[in-house]
Amino acid sequence: MDNSAHNTIRGAIEAILAARGIDGPVSDTDSLFISGRLDSLAATEVMMMLESDFNLDLADPDFDMSRLDTIADLTRLVTDMAA
Amino acid sequence: MSIDTAYGSATRHPVARFFAWRRAWLAMDKNDRAIAFAATPAGVLAIHAGFLLTLAVSLDLSAGLLAMTAMALAGCALWPARRKLVIAGAGLAYVTLRPFRIEEWSQTVESLATAVPLPPVALQSAAVALFLAIAWIALETQRRFAHTGIAKRPVRAMLVLFFATVAAAATLSQGSLAHTGLWSFIGVWASCFWFFAYALVDQKTGDPSANYQRLGMMRPFWSGSATPIGKNFGYLSKFEAHDPSELAVTRLKALKLVVWAGILNGIYFLAAHVIHGAAAVPTLQEAILLQAGGQEASLGVRWTSLLSNYFLDLLLISVWGHAIVAVVRMVGYRIPRNTWNPMASRSISEFWNRYFFYFKELLVDFFFYPAFLRFFKKQPRLRIAFATLCAAGFGNFLYHFMRETYVFAYTPNVETLPKFYNAGFYSLVLATGLIVSQLRGHRPKPEDGFYAYHVRPRLGVMAFFCLLKIFDDITGVGTLGERFAFLFRLFGV
């Protein structure tokens with residue numbers, strides 16, 4: 001699950017970055033949103049990907065948006081919510 | 001004097017030397033020698049002295065605010081491990097001494113105080129004390145009952161409570177102590193509202209700060225705005241310098257930014273004096289009112305008013321945003337800038353992100369994401385459109401409406417509402433522009449050619465915000481009709 005989720009998330013993030021003309025490698029711990037690399041519209045694409053590909057319900061009031069900041073965060077979120 | 005650069009003998013020429021100095025200045029936060037010096041006691045002293053001198057000379061700060069900033073920065077420099085405590089202490093002093101975000105709230109309290117046997121300063125102090133006490137109780141209650149619905153959606157609960165309090169205050173008879181006291185309290189609450197909101201969200205999401213520290217962030221000492229630049233401790237902690245080298249880099253970045261703010265302020269001052277002084281071009285608001293009063297300026301003057309308003313506004317927001325971010329960085333948090341080259345934007349949504357970053361963040365955090373995560377999940381485009389309307393339309397209007405609620409202390413009825421028509425229209429058009437910008441599939445690409453990539457999209461963004469500024473008004477002076485007339489007359493209609 002971890003590897004598959006990680007690969008899916010990495011692929012989606014790289015596609016979002018490429019669509020915005022942001023080149024260069026992105027590590028699992030690079031900040032995507034807090035650093036300003038991606039904007040809130042990109043965050044909506046990430047959230048829709050999490051909902052459609054992993055069936056996550058992010059509408060839970062306990063959900064913390066800052067948990068979406070890195071590829072590692074996203075993978076952890078998917079793993080935690082699936083558990 | 002020669003400068004050791006890769007540009008060799010060219011540095012002898014004054015222009016080349018200037019650019020060499022500029023490059024060295026801009027790169028100093030990556031220069032190992034500069035960083036090492038900045039981490040020494042002499043370096044810390046020199047950076048702080050340079051920083052405060054720049055603030056004092058180039059920006060229009062009061063002596064009191066400058067003194068408080070100096071003391072807080074000194075405290076953070078002496079005890080970096082206890083910077084949160086210093087920030088909280090300075091924040092408590094700041095909210096006590098300057099509890100209101102806008103001058104109109106101070107004037108309202110002074111005016112209402114004439115009818116009660118208490119001086120305005122006593123009313124203000126009592127209002128601040130009451131607000132802090134209630135904020136403390138709210139934070140402690142949220143902590144203890146974290147699993148309740150209100151604790152999980154604290155901002156929604158606070159918004160409802162705020163407007164219920166405004167409605168209750170509007171029913172009290174003017175001149176009574178209850179009326180005066182409650183409006184004073186609402187003034188403090190409105191000024192601190194979004195800082196308080198971030199404190200509640202921080203606690204919900206597990207930020208380990210103590211609640212007494214959060215109380216000191218209800219109006220941090222660097223805040224001249226009701227928009228929380230740097231949000232709260234939860235956000236700041238992501239940018240905190242953890243060792244002397246990181247702190248030195250962060251302070252060097254702060255120094256660079258405050259100097260840049262000073263330069264931009266000089267440009268703003270000169271440009272405003274030339275345009276509105278020497279050339280006697282009216283401000284945009286003046287031009288609108290002149291036309292409404294039958295004294296229409298020439299077409300060239302009206303366009304000059306419109307365009308100069310746009311550029312001067314960009315300069316002004318850059319100056320104060322940079323200054324605030326620079327202070328936060330001096331404290332030890334390397335937060336992103338508030339304004340970042342907005343004229344480079346190729347879309348309306350990009351401009352919105354670059355123009356006033358922390359206000360955009362506020363709207364996204366408290367309106368966009370909550371709406372996006374709950375509504376229209378099966379219809380992606382409608383989902384984004386609705387969430388954008390909630391943020392840039394409803395949230396934007398609500399933010400400004402809340403700040404101006406003092407008007408209901410004098411006229412607590414629907415007669416006051418026309419004051420807000422301009423702001424309502426502005427918010428609606430802005431939201432529509434952002435929705436279209438976000439839903440448009442086409443993004444300019446370099447292969448589209450120079451004009452289509454570099455020029456046309458930027459001109460489009462500029463035209464949109466330039467014209468939208470005609471309706472950017474919260475004073476209510478100059479009706480919506482008069483502003484539409486001004487817009488049409490710009491195009492000869």
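Which helix of chain B holds both B:Glu350 and B:Arg354, and how many residues apart are they? Both sit in α16 (residues 348-355), four residues apart, about one turn of the helix; helices here are DSSP runs of H or I with at least four residues, numbered from the N terminus. An α-helix has 3.6 residues a turn, so residues three or four places apart point the same way. The two side chains meet in a salt bridge at 3.0 Å, N to O, a salt bridge being a side-chain nitrogen of Lys or Arg within 4 Å of a carboxyl oxygen of Asp or Glu. B:Glu350 is partly exposed at 24% relative accessibility (buried is under 20% relative accessible area, exposed over 50%, partly exposed in between, with a 1.4 Å probe and protein chains only).

The model is predicted, with local features needing pLDDT of at least 70 and side-chain atom pairs 80 or more, while totals for chains, interfaces and linings use all residues. Residues are numbered from 1 along each chain as its sequence is written, chains are lettered from A and ligands numbered from 1 in the order written, and side-chain values use heavy atoms, leaving out hydrogens and water.

Now to the interface. Here 22 residues of chain B are in contact with 21 residues of chain A, contact meaning heavy atoms within 4.5 Å. Together the chains bury about 1,900 Å², 62% of it on carbon and sulfur atoms; this is the accessible area (1.4 Å probe) that two parts lose on being put together, summed over both. B:Tyr369, B:Leu373 and B:Arg443 supply 28% of the area that chain B buries against chain A, more than any other three residues.

Two salt bridges link chain B and chain A. In one, B:Lys377 pairs with A:Asp57, the closest N and O atoms being 3.0 Å apart. In the other, B:Arg383 pairs with A:Glu51 at 2.7 Å between the closest N and O atoms. B:Arg383 lies in α18 of chain B and A:Glu51 in α2 (residues 40-54) of chain A, so this pair joins two chains. Both ends are buried: B:Arg383 has 1% relative accessibility and A:Glu51 has 14%.
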